[in-house]
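The following paragraphs lead the reader through a protein structure, one region at a time. Please keep the sequence and the model in view while reading.

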Amino acid sequence: MTHDPVRWFWAGLAVVLWLLVIVLVRWSQVRARRVAAARAAALAPGAQDAPALVVAFASQTGLAEELAWMTARSLSDAGVPARVALLGDLELAELRVAGRLLIVASTTGEGDAPDAVSRFVRQSMSAPADLSGLTYGLLALGDRTYADFCGFGRALDGWLQRSGAQPLFDRVEVDDGDAGAVRHWQHQLASLTGSTVQPDWTPPAFDRWRLVERTHLNPGSPGGEAWLMAFEPVDHAPVWVAGDIAEIGLPAVADQPEPGSREYSVASLPGDGRAEFIVRLMHRPDGTTGLASGWLTHGLAPGSEVAMRIRTNRSFHGPSPMTPLILIGNGTGLAGLRAHWKARAGASGETWLMFGERTRAHDAFLDAELRAALEDGLLARLDRTFSRDVGDGRYVQTLVTEHADALRAWVQRGAVILVCGSLEGMSKGVNEALEVALGPDVLRGLIETGRYRRDVY
């Protein structure tokens with residue numbers, strides 16, 4: 001048997017690189033937890049001797065984490081030391097000795113747990129545990145437009161009670177950020193602490209942004225209109241990273257005095273000098289346009305101002321620039337992927353985009369930009385499919401199946417997979433295709449280590 005020294009050199013180098021990727025991923029996870037611990041310690045200076053009330057969160061888009069920190073600050077202001085933790089990082093032994101626990105839990109998809117707590121669900125919630133000494137309060141976030149409203153929050157509540165934990169008060173459920181439900185949570189906190197909780201306990205103030213450009217991306221498309229919109233900051237330039245989410249405040253209308261806001265994936269970076277989005281015009285069953293999409297794509301005049309804030313969405317942040325990255329999405333989900341490949345300019349890690357839409361003639365969103373990114377090396381691979389084209393007819397999940405060998409090779413080299421786009425059809429189809437291509441155990445491992453992340457809606 002002959003030995004090729006060059007071949008053995010490259011094999012050894014591949015092993016070293018793989019181990020390096022693992023170390024970097026683990027280091028980033030540990031660093032994030034240390035930062036969170038430092039923030040938590042700062043909530044109650046001088047109260048280190050008192051047991052801290054644990055405020056745990058399970059977040060998919062960042063809102064649950066944000067509300068958890070607000071909860072902890074309210075407790076701290078009332079003299080109750082608090083510490084914030086990711087629910088998925090808590091062991092059963094920690095829950096048993098916690099005494100009191102407050103949880104802010106969101107639901108993703110059709111009643112699913114956020115990706116970051118998938119290991120907790122599999123390992124800890126698979127059967128009742130002995131939590132008879134624990135009392136808890138639960139704030140469940142959901143959206144009634146999806147099936148199984150607050151599904152994960154309700155499942156978590158049921159598991160806690162079957163495990164012997166006692167609720168401090170009835171579960172509080174929030175429908176699409178409903179302010180009334182959040183105020184009810186504040187009232188429960190006031191009852192726990194004996195102090196009045198600040199009545200205007202709201203997210204950080206919205207900033208002023210001005211619409212500077214609006215481009216129709218798919219004229220003649222058989223699908224709904226899609227628009228690339230650009231806003232420039234009026235007062236100051238906020239800082240964000242790829243994967244973060246913007247909330248745009250909506251104008252009040254006669255039949256909806258508190259219309260709230262809508263969330264959109266940010267398709268640009270602070271260095272671009274503006275926040276960009278891809279917005280599809282939606283229609284109600286009666287044919288009228290959606291409140292948010294109709295106003296943004298047709299009602300809002302260029303030069304007009306909107307109220308907007310950009311929120312951290314840690315669960316969809318990308319890996320280190322040297323890590324291979326696979327981006328998969330469809331439709332307006334391209335917005336949530338675009339910032340990721342833009343952020344890797346000059347990086348050593350390769351980026352592969354798989355994208356699906358309706359027709360090549362009308363729906364090849366950002367075609368010139370994508371071709372240029374491929375030519376310049378910003379994208380190492382670009383695979384697109386168009387479901388309405390004769391001779392194609394494939395969806396983006398078909399690309400996963402067709403390129404399964406290459407995808408497995410990328411994953412073996414440490415690649416992270418980010419998926420953005422529609423919940424119905426695309427997300428489920430891609431997940432099923434990945435499970436077949438990689439195997440269920442490998443896919444579960446990617447989810448639990450943060451190497452498979454989703455922003456679907």
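Tyr395 is found in the loop between strand E15 and helix H11 (396–402); helices (H or I, at least four residues) and strands (E, at least two) are DSSP runs, numbered from the N terminus. The model is predicted, and local features need pLDDT of at least 70, side-chain atom pairs count only at pLDDT 80 or more, and totals for chains, interfaces and linings use all residues. Residues are numbered from 1 along each chain as its sequence is written, and side-chain values use heavy atoms, with hydrogens and water left out.

Leaving aside residues up to four places away in sequence, Tyr395 touches Thr385 and Ser387, where contact means heavy atoms within 4.5 Å.

Strand E15 belongs to an open sheet of five strands in the order E15-E14-E13-E16-E17, with parallel pairing. Two strands pair if DSSP finds at least two bridges between them. Strands of a sheet pair through backbone hydrogen bonds, either parallel or antiparallel. Strand E15 (381–386) and strand E17 (452–456) stand at the edges with a single partner strand each, so one side of each has no neighbour in the sheet. From one strand to the next, the twist averages 10 degrees. Strand E16 (residues 416–421) runs parallel to E17 and is joined to it by five bridges; the bridge partner of Cys420 in E17 is Asp455.

Helix H10 (residues 367–376) lies across strand E14 (351–357) and E15, and runs at about 150 degrees to E15. Axes are lines fitted to C-alpha atoms, for helices over the stretch in contact, and angles run from 0 to 180 degrees between N-to-C directions.

How do two helices meet? The axes of helix H12 (residues 404–412) and helix H13 (residues 423–438) come within 10 Å and cross at roughly 75 degrees. H12 and H13 are therefore roughly perpendicular to each other, since angles under 35 degrees count as roughly parallel, over 145 as roughly antiparallel, 65 to 115 as roughly perpendicular and the rest as oblique. Ala404, Leu407, Arg408 and Val411 of H12 make the contact with Leu434, Ala437 and Leu438 of H13.

A second pair is formed by helix H2 (residues 63–77) and helix H6 (residues 179–193), which pack at an angle of about 30 degrees with their axes 10 Å apart. H2 is therefore roughly parallel to H6. Here Thr71, Ser74 and Leu75 in H2 meet Trp185, Leu189 and Thr193 in H6.
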